[in-house]
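This briefing summarises the computed features of one chain. The sequence and structure are shown first, and the points follow by topic.

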Amino acid sequence: MTATAITLFVVSALLVWGGLIVATIHLIRHPEVAAYPSGGEDDDRPEHAVIVHDT
């Protein structure tokens, strides 16, 4: 392998693993919201109903 190929491999590996580490740290610091604010409209459709669009 050439030096360019090895360099690109190392850079891409660091980018992927670095992104994984940053995402993990972000999820640890900002976990999912336990309760959502009230609002929005509730529809009366069954869970697996077909959505009808006006076309």
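A residue counts as buried under 20% relative accessible area, as exposed over 50%, and as partly exposed in between (1.4 Å probe, protein chains only). By that rule, 0% of the 55 residues of the chain are buried. The model is a predicted one: local features need pLDDT of at least 70, side-chain atom pairs count only at pLDDT 80 or more, and totals for chains, interfaces and linings use all residues. Numbering starts from 1 along each chain as its sequence is written, and side-chain values rest on heavy atoms, with hydrogens and water left out.

**Overall form**

- The chain has 1 helix and 0 strands; helices (H or I, at least four residues) and strands (E, at least two) are DSSP runs, numbered from the N terminus.
- The radius of gyration of the chain is 23 Å, whereas a compact globule of 55 residues would have one near 10 Å; the radius is taken over C-alpha atoms, and the globule rule is 2.2 Å times the number of residues to the power 0.38.
- Along the principal axes, the C-alpha trace spans about 60 × 35 × 20 Å.

**Surface**

- Met1, Ile6, Phe9, Val10 and Leu14 make a nonpolar surface patch of about 590 Å².
- Patches are made of residues with over 30% relative accessible area and no salt bridge, with like charges joined within 9 Å and nonpolar side chains (Val, Leu, Ile, Met, Phe, Trp, Tyr) within 5 Å; a salt bridge is a side-chain nitrogen of Lys or Arg within 4 Å of a carboxyl oxygen of Asp or Glu.

**Residues of helix H1**

- Val10 lies in helix H1, which covers residues 3–29, and counts as partly exposed because its relative accessibility is 41%.
- Leu14 belongs to helix H1 and is exposed, with a relative accessible area of 60%.
- Thr24 is also found in helix H1; its relative accessibility is 38%, so Thr24 counts as partly exposed.

**Separations from Pro37**

- Leu14 and Pro37 are 23 residues apart along the chain, and their C-alpha atoms are separated by 39 Å.
- Thr24 and Pro37 are 13 residues apart in sequence and 26 Å apart in space, C-alpha to C-alpha.

Notes
Areas by Shrake-Rupley, 256 points an atom, 1.4 Å probe, with all protein chains shown as cover.
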